[in-house]
Amino acid sequence: MYDWLVANNDARQVLTASRRLARTLRVTFADRQVQAGRMAWPTPAIDEWRDWAYSYATTELPQGSLPIVISAYQSKLLWERCLRREISDPLLNVGMLARQARDTWLRMREWCVPIDECQRRSGNRDQWLFAQAAASYDSILAREGWIDDSGVPALVIEHLLSAEKPATPPLVLTGFDRISPILTRFIGAYREAGGTVDVRDQPVATGDDPAAALVAAESADAELRSAGRWARQVLSHEPGARLGIVVTQLESNAQRSLRLVKEGLVPGWQNAGDQQRLVVDMSYGRKLVEYPVVATAIELLSWLSRDLSTTDVGRLFRSSLLADTADDERIRAELELRGRPEQHWSPAKVLSVLQARAESHDGLRFVSVIAEHRTRLPKRESPAGWVTRFSELLQELGWPGDAALTSPQFQTVNRWRELLNEVARLELVGESMTLAEILAHLTSLASETLFQPEGQDTAVSVMGPLEAAGMEFDGIWVTGASNNNWPPHGSPLPLLSRDLQRDFGMPDAVPADTIQYAQRVINRLACSAPNVVFSYAKSVGGAEQAASALLQSLSLSVGDRYPDPGWHAHALAGGEQVATLADDPVPPVAVGEKIHGGAATIQRQFSEPFAAFAHGRLGIDPLWPIETGLPANIRGSLIHAALYRLYLDCPSQQQIMSWRESEVADRIGQAVDFVFAPHERIADSTLAQLLRLEKQRVARLLQGVIEHDRQREVFAIAQVEQGIDARIEGLQLHLRIDRVDHVGDNESFVIDYKTGSEKRLLDRDKHPKDMQLIVYACALGGDVAGVGLLNVDSRRIFLDAAGRNHSEKLDWATALPAWLDEVRVAARQIAFGDVRVNIAQAASQARALGLLSRVRELQHDD
């Protein structure tokens, strides 16, 4: 491969169509030197052609004659300014239009289209507005002494035509599927200046070439997995082979395509760690803002300007990219915030809520630092000044963490710092900005910047069709070669008239150009390796597909030599079982061992013993999701707490009935005020309104409970929120009972509050649906006259109970002892180490502990 590269390379400058090709050629050249036994060699002159043009301009043009070259983002901001002068529509997305205008401008300059031609031949209002904005943009560049990246080649051409000494060194251009007019002018100017230029033609397929394979896959997923399996087979026979997998429309979902390729190439790659990265790499980068290290930095800086949601704050608390990551207190603090209503948090509000934790642990120091910086920020500052502040703050916060950075992370951090430098240079287009403005620019730039860390030279490269231009491989697989993808749909510029584009020979101006260009790309791919495979999916989205007609010019052999390997996990599940069960039973409950979860753990034993073990003995707690508004669990907690405050003095029914209307209102008001006050003190405006409405609802519910209790049989409240340390069949449980009333001859009546949807105590067979109340009865001992669920809901407040005077068809004297025996049996099972898995449970019930219980595998084995 690349035999032309090594011969007489010392005297040549190689210009490539892409930076990826330039990097590949430099690596190949170095490998050849090592193979030749050389210990040192001159660095080869291999560069992407626009990078070389900029370097040439900065070194060869007379000092002081080179205009300031503005960045792509500065150019976009300038386009926004010019477009706003022409368009006053407040609903227009100027940012999106500026990107489209800039892309059109770059294509114009590359195809040497004069601005006055755009103005003269505008076919509609959009094209006329663009032409006006382009003229304004060009005049600003000229007035300020600036150029954008599209203006550098013209400067180089001008210098070459006026240079007195011959142009050196000889140039070799490679990897160009299409030679643009500006590149043609450059080649002509370089030759006219006495230099030599060799343009390497892209290879053309002939009938003498080896036949390429054509594979028809069942689906697009199967196609990518098959490509990975093909690469695995080739590498097993030729470990040193260099392979390429070209994915048509890679940009639509690059990361998913990579994962599918690895399913066939590295089965079980999810467990292979960093080793799988040494086998395959992806040429298509991700947005810089999608990298965790950058996203965390932007979120930290955003907290200077605006309050963050509970989700955002929690993400920062869990981040390993800040100093003091070993402090578990940050995780506990995040759990505490989860227990509060979702809202937006300022750093000061977080510190006020977590004051005790913040004062005793360094893990929350970063919140204090941001809060302090937030109080002394200027209203406006230069972009460079803001960038200095940002850098100092991130350093003070310990970003990007204490751990040593991997090579990809190190490259990403460096790219972030380059991004900050680009933001600092925005002084060219805006001398002073607010914090919100500079953060908006920073976020926008990070969202528009594609980045891919450079890795080691890998055996398999996944890339798009255009990125493969000029590349040579030992084998190549081209996916998506269907009639739907090839030829691709043309993309003429909507901001230039079609006639203008056709007259200047611009890409996709006419369908024939699109077809001819696509055919050149197909032919080039077919000649880039001795082992070539084209493939397509028979069906995509329910629509049938066939092979592209562009493949008819090639010599193809149709077959099914590379079947879909399928999902590796599915193969494991259906294959021969190689795992063996270790003889390691769960030990019985030890003396003094604390059982978590209280009565809920006993209840879980009845439906899913493994869940009782996981929650009760391992101490696994469910992680409540962060929900917008007031989640059901928080609303339920507020009602429980308000009922506790309402009956804190344990009144009798007679006392409740004696309360005057004003006293009832005072008691209810004091109860809800006490319960809601901690949330109201820190609520933002939205949450404050929700709390006000919920407070009114809870007050109405308390009124309803009082009315309900006045109509019950005679009782006196004995305990509210009673804590009991009980021992049942060897299990040490801590229970908290919502309410215990005394009825009849000082007998206990156990009540549990239920909020939300209506709950029933007994099923059709007169058996408790939930054994929680029976566990309480077991713990209380003595005479229990009954148990009941007090449903407290806006729709209805009622007591669903079982007991001596509550169930006509139930023999309470017989039923209660039987139920107590069931509780004791369940407690004994837990104490003996029962971890049975209920394979009949629904998927929604099993999901939370599914990874631990392996319930899905057990269901398949059953």
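**Figure 1. Contact between helices α24 and α30 in the predicted model.** Ala599, Ile602 and Gln603 of α24 are in contact with Gln772, Val775 and Tyr776 of α30. Of the residues in this contact, four are nonpolar and two are polar, with no charged residue. Helix α24 spans residues 599-607 and helix α30 spans residues 772-780. The two pack at an angle of about 125°, and their axes lie 9 Å apart. At that angle, α24 is therefore oblique to α30. The handedness of the crossing of α24 and α30 is right-handed.

**Figure 2. The second largest pocket and its lining.** The volume of this pocket is about 1,900 Å³. Its lining consists of 40 residues. Nearest the centre of the pocket are Gly597, Ala600, Arg604, Pro622 and Trp624. Both helices of the previous view, α24 and α30, are among the elements that contribute two or more residues to the lining. The other helices that do so are α25 (609-617), α26 (632-646) and α32 (843-846). Strands β22 (731-743) and β23 (747-755) also give two or more residues each. By class, the lining of the second largest pocket comprises 17 polar, 13 nonpolar and 10 charged residues.

**Figure 3. Packing of helix α12 on helix α18.** Helix α12 covers residues 292-302, and α18 covers residues 383-396. Their packing angle is about 110°, with 11 Å between the axes. The range for roughly perpendicular is 65 to 115 degrees, so α12 and α18 are roughly perpendicular to each other. On the α12 side the contact is formed by Ala297, Leu300 and Leu301. On the α18 side it is formed by Phe390, Leu393 and Leu394. The contact of α12 with α18 has six nonpolar residues, and neither polar nor charged ones.

**Figure 4. Packing of helix α12 on helix α20.** Helix α20 runs over residues 435-448. It packs with α12 at an angle of about 165°, and the axes of the two helices are 11 Å apart. Angles over 145 degrees count as roughly antiparallel, so α12 is roughly antiparallel to α20. The crossing of α12 with α20 is left-handed. From α12, the residues Ile298, Leu301 and Ser302 take part in the contact. Their partners in α20 are Leu439, Leu442, Thr443 and Ala446. The residues of the contact of α12 with α20 comprise five nonpolar and two polar, with no charged residue.

Figure 5. Most peptide bonds are trans. Pro400 belongs to the loop between α18 and α19, the latter covering residues 407-424. Pro487 belongs to the loop between β15 (475-478) and α21 (498-503).

**Figure 6. Backbone of Asp508 in a loop.** Most residues other than glycine have a negative phi. Asp508 is not a glycine, yet its phi is positive, at about 65°. Asp508 is placed in the loop between α21 and α22, where α22 covers residues 511-526.

Notes. Residues are numbered from 1 along each chain as its sequence is written. This is a predicted model: local features need pLDDT of at least 70, side-chain atom pairs count only at pLDDT 80 or more; totals for chains, interfaces and linings use all residues. Side-chain values use heavy atoms; hydrogens and water are left out. Axes are lines fitted to C-alpha atoms, for helices over the stretch in contact, and angles run from 0 to 180 degrees between N-to-C directions. Helices (H or I, at least four residues) and strands (E, at least two) are DSSP runs, numbered from the N terminus. Angles under 35 degrees count as roughly parallel, over 145 as roughly antiparallel, 65 to 115 as roughly perpendicular and the rest as oblique. A crossing is left-handed if the near helix is turned anticlockwise from the far one by less than a right angle, and right-handed if clockwise. Contact means heavy atoms within 4.5 Å. Ala, Val, Leu, Ile, Met, Phe, Trp, Tyr, Cys and Pro count as nonpolar, Asp, Glu, Lys and Arg as charged, and the others, Gly among them, as polar. On a 1 Å grid over the protein atoms alone, a cavity is a set of points where a 1.4 Å probe fits but cannot get out, and a pocket is an open set with protein on both sides within 12 Å along at least five of seven lines; lining residues have an atom within 4 Å of a point. Grid points are joined across faces, edges and corners, and a volume is the space filled by probe spheres set on the points.
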